[in-house]
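Biologist: Could you walk me through this structure, one question at a time? I am new to this, so please show me how you get to each answer.

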Amino acid sequence: MRSAAHRLHDSLGLRTGTTIFMASAGVIALFVITTILFTTQVDAFFAGVTGWLLENLGWFYVLGVTVFLVFLVYMAASRFGRVRLGPDDEGPEHSGLSWFGMLFAAGIGTILMFWGVAEPINHLANPPMQDVEAGSAAAFEQAMAFTLYHFGLHTWTIFTLPALCFAYFMYKRNLPPRVSSIFHPLLGDRIHGPLGAVIDVTAIVGTMFGVAVSVGLGTLQINSGLASLFGIEESRLVQILIIAAVTAIAVTSVAVGLDRGIKRLSNFNIIVAVGLLCFVVVTGPTLFLLQGTIESVGTYLAWLPELAFWNDTINGSGWQNSWTVFYWAWTISWSPFVGIFIARISRGRSIRQFVIGVLAVPVTFSVIWFGVFGWGSYDIERQDPGALTGPVVEDGDIPGALFVFLENYPLATVMSVIAIMLVVVFFTTSVDSAALVMDTIANGHEDPAPTRQRVFWALCVALVAGTLLGATGAGGLEALQQVIIVVGLPFFVMGYVMIYSLLRALKEDAGERQPLRTKRWRKVLPPEEAARREEENRQTERALRSGPLLRKTGSAPRDAPTGSENEG
């Protein structure tokens, strides 16, 4: 007898993994309802768990990302770097420019807009290591080192590791596009059972919260920009209305699809973002910005070995918990979404090309972006002390940092409008990509599925983001940080499992160790999807065999072909 969940699933006209879809939707609904009804208790819970994690496991977050980076460098340099992510004779599906554009927009586009000015200025006023004078040249060197540490190789490492695993197991072993597929060397066909479902539900829920935090940051920034330009108040109601409006745009993009939706938006956004970057360079202190950006490369490389393992052990100020640990937990929570998305657009590339491309190209752009906006901010601050640190740091207007920065440049109003537009499009591509990927994980295949399913996930992102900003007692960034640090923990544990699984799979498929099953992998569908298609094929076969003849004669002919004769 079919369960109530299956009957509800079918009555809604869905075509997805019933257990994973319903369980994920149930967890999300439970969070939203509980947060609204029991705001104080939910706040206390997340605050308590977050406090314990930061006090006892902050080092685990910091060490984990560095270990992942070392592993990726090894993979690119080793003989496994020649392995192609797909059939050996298949080339890349997308051009280099389109590939980079989609990487950029789906990865950290919103982050660059939000933190490009805010982070260097915050660290200039409050040096992380507390060993230099605030506002000094030494403080700014430290500020740039930490900013690039946060948004350079380590951030993209968090995306690249799961992306590489997804690409290998999806396109080399032809397993379903699910997080559970990465565990195949350990679990075998149990990835299609209850344990695999738990892994995939965890991935979907974590992705939902990670993307919701990104949407929340974008919403805060849009609200701040509208307040600066048009005097619109910064309030929870306005922020919820912004989420609703931009989600409507995202839903439209979801309905259009990957090539016409995400790809075009991504290409458009990268062009506009580069235009904004060039505007700052040309109309600002050009030589100072160019020299400073180049200098930042050396600063980043010189500081990187120390920062990769720095845990604020001596000072114990708690600074790192509010910055580094938050970033790593946030980024890794939505790494399954970015990972599957990057895997989908990277099919046909070798592991070496993949690792170098996904790490080097976006990181290079990030270094240039933060170099230009960081040194531009420092130039404004040294000429007029307090011009940026006053409103951004002392008044706490972190979402408005970019707009305060642009007030010091020509065409401030026009450029602020363009900046808001960029944030909106980055917002849209994040929701669009996340909806596509969460639907893919729930479905267990990449074939076309009902659009309503992707629309559902897009609406869920908006609902969770609105709940985090509007229905929690904690406000703004505090609410986002508390939830995401808790959600990110299981994904760090998964990261180590991913490393082991990928290495084991590569060695098995190279014939170095006894595989769990044949190395000639056939295309695999989730059991319920395979059963669904088999039933549809039987119905189609019966219709083709008997339908036309029944219309002509009213009965089947004596020499009607048998089912076995029509197989295939």
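This is a predicted model: local features need pLDDT of at least 70, side-chain atom pairs count only at pLDDT 80 or more; totals for chains, interfaces and linings use all residues.

Biologist: Which residues of the lining of the largest cavity come from α7 (153-171)?

Modeller: The lining includes Phe68, Ile332, Phe491 and Met498, among others. Now look for numbers that fall in the range 153-171, which belongs to α7.

Biologist: What volume does the largest cavity have?

Modeller: The structure holds three cavities of 30 Å³ or more. For the largest cavity, the volume is about 70 Å³.

Biologist: Let's turn to aromatic rings. Are the planes of Phe31 and Phe46 stacked or edge-to-face?

Modeller: This is one pair to look at among the 37 aromatic pairs of the structure. The ring centres of Phe31 and Phe46 are 6.4 Å apart, and the planes meet at 80 degrees. Planes over 60 degrees apart count as edge-to-face. The angle for Phe31 and Phe46 is therefore that of a pair that is edge-to-face.

Biologist: How many residues apart in sequence are the parts that Phe31 and Phe46 tie together?

Modeller: Phe31 lies in helix α2 (residues 18-37), while Phe46 belongs to helix α3 (residues 39-77). Phe31 is buried, at 11% relative accessible area, and Phe46 is buried too, at 12%.

Biologist: Which residue lies over the face of Phe288?

Modeller: There are charges over rings here, and one of them is Arg79, at 4.6 Å from the ring centre of Phe80. Over Phe288, at 4.3 Å from the ring centre, lies Arg382.

Biologist: One last stop: with which side chain does the side chain of Thr389 make a polar contact?

Modeller: Thr389 is found in helix α16 (residues 389-394) and is buried, with a relative accessible area of 11%. Leaving aside neighbours within four places in sequence, Thr389 is in contact with Ile121, Ala125, Glu381 and Glu394. The polar contact, at 2.7 Å, is with the side chain of Glu381.

Conventions: Residues are numbered from 1 along each chain as its sequence is written. Side-chain values use heavy atoms; hydrogens and water are left out. Rings of Phe, Tyr and Trp (its six-membered ring) pair if their centres lie within 6.5 Å; planes under 30 degrees apart count as stacked, over 60 as edge-to-face and the rest as tilted. Helices (H or I, at least four residues) and strands (E, at least two) are DSSP runs, numbered from the N terminus. Buried means under 20% relative accessible area, exposed over 50%, partly exposed in between (1.4 Å probe, protein chains only). A charge sits over a ring if NZ of Lys or CZ of Arg is within 6 Å of the ring centre and within 35 degrees of the ring normal. A polar contact is a pair of N or O atoms within 3.5 Å; within protein, one must be able to donate a hydrogen and the other to accept it, and residues adjacent in sequence count only if both atoms are side-chain atoms. Contact means heavy atoms within 4.5 Å. On a 1 Å grid over the protein atoms alone, a cavity is a set of points where a 1.4 Å probe fits but cannot get out, and a pocket is an open set with protein on both sides within 12 Å along at least five of seven lines; lining residues have an atom within 4 Å of a point. Grid points are joined across faces, edges and corners, and a volume is the space filled by probe spheres set on the points.
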